[in-house]
Every structure is written in structure tokens, then in C-alpha cells.
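I opened this entry to look up how the chain is packed.

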Amino acid sequence: MSVGHNKDVLMMRVVSWNIAGRHEPWRQLREMGADVALLQEARNPPPDVASDVEIGGEPWLKHQFDRWCRVVRLSDRVRVEHFTQIDPISVAESEQMPVSGIGINAAARVIPEGGAPFVAVSTYARWMRPHPTTRSKWSVGFPDGSAHRAISDLSAFIGDTDPSTHRIIVAGDLNMDPNFWSKDGQDPLWHARERTVWTRMEALGFDYLGPHDGPTYHSTRASPENPTNQLDHVFASRGFSNAIAVRALNDPAEWGASDHCRVLIEVPLRAASVTVSPRGSRQSWRRDRP
């Protein structure tokens with residue numbers, strides 16, 4: 001835990017990070033003093049770290065992919081109840097989460113010591129290649145298909161039209177940089193496709209929280225000194241979102257051992273009393289004084 005900008009409010013620390021299937025980021029996570037990690041492209045932790053973290057159950061169709069999303073407990077200051085991934089059926093038990101994509105999400109209920117619980121979701125928009133019949137030249141493929149599958153799975157946690165009834169954080173690598181596709185010379189089709197992801201999240205009652213402080217990714221040929229794109233993003237339920245602070249740890253000295261930097265999410269332990277306007281304005285809210 002840490003003290004937030006309001007010195008009367010304790011904050012729990014959540015880290016979102018695409019660790020690219022590497023071992024060293026697990027060791028760096030252990031040294032951060034964070035409480036929970038939302039990981040993407042994570043393999044199992046190395047033996048010297050495994051006993052210090054709690055990674056939850058087996059991903060859905062694990063044998064079909066070699067890296068997965070994880071919600072990881074890093075400290076004893078929180079309790080984490082992982083949702084078991086099952087086939088995409090219409091009705092699930094309270095401890096289950098129906099999923100429709102392989103390696104694209106993981107979810108858990110996080111109960112901080114002395115704080116209000118919330119649902120944490122790690123998400124990864126895997127690149128999917130066009131069908132062979134298209135004879136497409138897109139060698140890498142498209143990420144928005146996986147993103148929409150993940151959003152459809154996330155919809156199971158939305159049970160009311162009033163966003164303030166939900167306490168959900170969604171974070172991860174969407175493989176999309178809206179700033180890039182809106183630049184001159186870029187194909188407007190891709191910008192339009194990516195905007196549909198943000199539009200669906202907004203329709204489900206989520207606010208986009210950034211980060212708003214620069215790129216979060218560098219290519220394998222580059223380094224943290226030369227990042228290129230902001231591929232990592234954070235959303236939270238409207239109202240709950242107002243008290244959450246998000247920052248990209250993208251200074252070279254704090255980047256970490258992956259091609260993505262860490263994204264720090266600070267969540268207040270004291271629940272906010274929130275009024276959400278009909279349009280979902282983030283301006284209409286208040287936090288109860290301690």
C-alpha cells in the first residue's frame with residue numbers, strides 16, 4: 001500500500017504489464033512492493049519466484065497457446081479470488097468466467113485489507129490473421145477481433161445500467177495506439193476499427209484512464225530510450241474511476257525487462273461516494289471525508 005495524493009487516503013498498488021513471456025519481469029514485480037499484477041503474455045513464474053506469488057488456476061484451453069493473461073497476488077495485504085475460466089456458456093456459477101478467446105483475459109475479485117473489493121481484469125488483444133481466402137497481405141493481422149472477444153466476455157460482469165453499481169478495473173495490452181492511426185498519412189479504416197473498442201467500453205459504463213504520459217512500448221530492435229507506441233491501456237467503471245490514478249513507468253530507468261513498460265494503477269482503499277450524470281460525466285462526484 002502507499003499514500004496517495006490525498007494524504008488521508010491509502011492506495012493499493014496494481015501493476016499492468018505485458019512481460020513478453022520472460023522470467024526477469026517476475027523478479028522485478030516481486031521487488032516493486034505492489035499488491036496485484038495484471039499480466040499479459042505471461043508464462044509460469046520461474047522457480048525462485050513461484051512460492052512468492054499466487055497466479056490462480058489454469059487458463060482456458062491452455063494447451064493451445066504458450067502465454068496467458070494472469071491476475072497475480074503479490075502481497076499479503078490483499079486477497080484474490082480468481083474466476084475459473086470455462087467455455088462460453090450463457091450461465092456461469094459465481095466463481096466462474098465464460099471466455100471466448102484463448103490467452104486474451106483473466107479476471108479475479110480483489111479484496112484489499114481494509115478496503116472495498118473490486119473486480120480486476122487483465123486483457124490482451126492477440127493479433128489474429130485474416131482467413132486464407134482473403135489472400136491478405138497483412139502478415140501480422142489485426143488485434144481488434146481479440147479485443148472485441150475480450151469485451152464480450154467482460155460484459156458478463158455488467159449487471160445494471162448504472163455504472164456506479166460496478167467496481168471493475170480493466171487493463172492490458174490492446175496492441176492499439178489511437179494516437180498513431182489518427183496521424184496524417186495513416187489509413188482511416190484502422191482508426192475507425194480501433195475506435196469501436198473504445199466505444200464499446202464506454203457503452204458498458206467504463207471510463208478510459210490512459211495512461212496519458214507517453215509511449216508504453218518499444219520494438220524489439222529499439223530500447224526504452226526510444227519507445228514508439230502506446231499499446232497499453234486502463235479502463236475503470238464510471239464513478240469508481242474518478243479516484244484511480246494511472247501512470248506509465250516509461251522512464252528508461254524504471255522501464256523494466258520487457259518491450260512494454262509497467263503501468264502503475266493506484267486504487268484508493270476508501271470507497272468514493274459517486275454521483276454519475278446521465279451522460280456519464282466524470283466531473284460529478286465526491287469522495288466522503290475520512
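I am working from a predicted model, in which local features need pLDDT of at least 70, side-chain atom pairs count only at pLDDT 80 or more, and totals for chains, interfaces and linings use all residues. Residues are numbered from 1 along each chain as its sequence is written, and side-chain values use heavy atoms, without hydrogens and water.

**Cores.** I looked up nonpolar cores, meaning sets of buried Ala, Val, Leu, Ile, Met, Phe, Trp, Tyr and Cys residues joined through side-chain atoms within 4.5 Å. Buried means under 20% relative accessible area, with a 1.4 Å probe and protein chains only. The largest core has 26 residues, and M12, V36, F118, I169 and I265 have the most contacts inside it. Another core, apart from that one, has 21 residues, including F83, M97, F157 and I168. In soluble globular proteins, nonpolar side chains tend to be buried together.

**Helix 3.** Helices (H or I, at least four residues) and strands (E, at least two) are DSSP runs, numbered from the N terminus. Why is helix 3 largely enclosed by the rest of the structure? Of its 11 residues (144-154), 8 are buried, so the structure largely encloses helix 3. Among the buried ones I noted D144, H148 and I151.

I found an open sheet of 6 strands in the order 5-8-9-10-12-11, with mixed pairing. Strand 5 (78-82) and strand 11 are its edges, each pairing on one side only; pairing requires at least two DSSP bridges between two strands. G210 stands opposite V234 in strand 12.

Definitions and conventions. Buried means under 20% relative accessible area, exposed over 50%, partly exposed in between (1.4 Å probe, protein chains only).
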